[in-house]
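The sequence and structure are shown first.

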Amino acid sequence: MRTIFGIPVSPGIAIGKAFVQAAEGFRIPEQTIDADAHEAEIQRFHTALQFAKEEIIVNRESTRNALGQTFADIFEAQFQILMEPAIHGEMEALIRHQFFSAEHAVTIVMRKHMETFRKIENSYIAEKVNDLRDIEKRLLRHLLGVRKETLGLLSSPVILLSPNLTPSEAANLDKRFILAIVTEQGGAGGHTAILAAALEIPCIVGTGEFLTAVDGGDNLIVDANSGCVIIRPDTETVAKYRRIRDADVSRIESLDAYRDLPAETKDGEKITIYANIEFPYEAENALLRGAEGIGLFRTEFLYLIQDKDPTEDEHFDAYRHVAEVMQGKPVIIRTFDFGDDKSLDRYCGAPERNPALGMRGVRLALKRWTMFRCQLRAILRASAFGDIRVMFPLISTVKEFRQARRTAMLEVMDELSEQGIPFNKNLPIGMMVEVPSAVVMLDKFAEDADFFSIGTNDLTQYTLAVDRGNSNVNHLFQPDDPAVLRLIRRTVAVGNLHSLPVSLCGQVGSNLFNIVTLMGLGLRTISCAPNNIARLKRIIRQMSIADCKSIACTVRQMSSAKDIQDYVKNALRKAAPSLFDPDL
Ligand code: PEP
Ligand code: MG
């Protein structure tokens, strides 16, 4: 039994078997063979070994020709490991005596050696882990061949362990078969965190390296409430976590009572709660969970779930569906925001040196006019079927917003009018406020925008210079840092001054404690993952705006996120002690 820790980003507890996804997307299978099949299996292993050897020789020779002996030595080291008879012997023994499949034997032996090397405190030796990992991948590639199993082929529920999920992998997860997700890399604001919360899958990211210590099929407990993963737990621990999981489920069920109650404070102030969604099918769930609208539809996931761009009609069907499900409630569609953590090679081109500051959000949209026009046409067409609004991501200059609104949008509107296609000519057009320059210039934006939506994931990233998806700096990713709170406050103030609606749709809005500060700073509309709506309503209904204002007033004097978190927690404990009842 071993416990590792990471960043909990989507709550819940799961108990199940590991599905280990190696860097190339291989499953590490837990397979045995028939007792009389071991000779054939050993032969299969040797064939794979031979292919892997030839591959390394080719790599070694071409590297020597291109770059010289020093670089060729990298492959020489791998070659020596691969030729090591003791390693072959260990693998063969597992196949011959324990009837493991060749894949499983390779995985077990290579991971055992990686684990040993990892424990040695010598950077040269520790580096050898990469060679071993590379050899394992080579052998598995040849052994699995066309039988390579992918996430898409899962047929029974597993706990998914991965170095890091790509945006497309995360977008294509099949909730029926994923009990929980654990990734070695990633931070609280990354795409895996967002999608896991949307799909309501318990998830922990940023554990650091641990996959070498787990085999496919190992028993695991994932406690994504506290952020720990227990590998091969004993029966006592499993029994304990079953009890915790059951209590967790009934606690969540008890929140159902809040779904249909208004989000109204004790002193009668109404807070509007919207839902963030990534896929059209989530709209039903959002409504069921008590959402009063969709505050953020992250449309880039429509592109990530397939290998080609959605057609205009596919976009239209998705938007119309959400508008109709929401029965006249507002639906804020954000135009595609590729780049940075949601990159997709086919749009973002060659890797950029600094993608967070590169060609992403509205910058990419303005550059890729055909793609942008296609989406805008679909959004406008769908606006005839509900209260659809549109907003642009990553606006950093007034010129960008004007180009998107006055040039792009107007051109598409004229086109639809000429074609006699119905749409809402007064469709509200707003912007994400997620770059500090937008906050600084907000009075200028107010001349053009119909509403503002604060994106605290990016606002935190850009204000504090902290990569939102990097576990190394996750401790610095604090959306309740005083600098971020000041920007939020200013946005609300400018919005109020110009009578423009201001909402907030970053992850910070899902946090129990932050909601109080945000209300105290004047926010009255919050958009969060659907499974957080009932929890937020419960808090809002136990607070008064007067309490929230007084908390925010003290918070504004503070100079660190830690002080703010401690203070708000204590203040909440006093104002609404029942929120801390462990049975609730
Ligand atoms: C944000 O940045 O806070 C936001 C809501 O947008 P995304 O997480 O999709 O970048
Ligand atoms: Mg953003």
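Predicted model: local features only at pLDDT ≥ 70, side-chain atom pairs only at ≥ 80, totals over all residues.

In helix H7, the buried residues are His191, Thr192, Ala193, Ile194, Leu195, Ala196, Ala197, Ala198 and Leu199. With 9 of the 9 residues of H7 (residues 191–199) buried, the helix is largely enclosed by the rest of the structure. Glu200 follows H7 and has a positive phi, near 60 degrees.

**Metal site.** Glu434 (OE) and Asp458 (OD) coordinate the magnesium ion (ligand 2) at 2.0 to 2.1 Å. Glu434 lies in the loop between strand E13 (429–433) and helix H16 (436–440), while Asp458 belongs to helix H18 (residues 456–464), so the pair ties together parts that are 24 residues apart in sequence. Both Glu434 and Asp458 are buried.

**Ligand 1.** The shell around ligand 1 consists of 15 residues, and the closest are Arg298, Lys342, Gly455, Asn457 and Arg468. By class, this shell holds 4 nonpolar, 4 polar and 7 charged residues.

| Residue | Atom of the residue | Distance to an oxygen atom of ligand 1 |
|---|---|---|
| Glu434 | polar side-chain atom | 3.0 Å |
| Asn457 | backbone N or O atom | 2.7 Å |
| Asp458 | polar backbone atom | 3.0 Å |

On its own, ligand 1 has 290 Å² of accessible area, and the protein covers 100% of that area. Strand E10 (294–298) and H18 are the elements that give two or more residues to the shell around ligand 1. H18 supplies the largest share, 3 residues.

Key
Residues numbered from 1 in each chain as written. Chains lettered and ligands numbered in written order. Heavy atoms only, no water. Donors = N, O, S within 2.8 Å, 3.2 Å for Na, K, Ca; no water. Helix = DSSP H or I, 4+ residues; strand = E, 2+ residues; numbered from the N terminus. Buried < 20%, exposed > 50% of the residue type's maximum accessible area, 1.4 Å probe, protein only. Near = heavy atom within 4 Å. Polar contact = N/O pair within 3.5 Å; in protein donor to acceptor, adjacent residues only side chain to side chain. Areas by Shrake-Rupley, 256 points an atom, 1.4 Å probe, with all protein chains shown as cover. Nonpolar A, V, L, I, M, F, W, Y, C, P; charged D, E, K, R; others polar.
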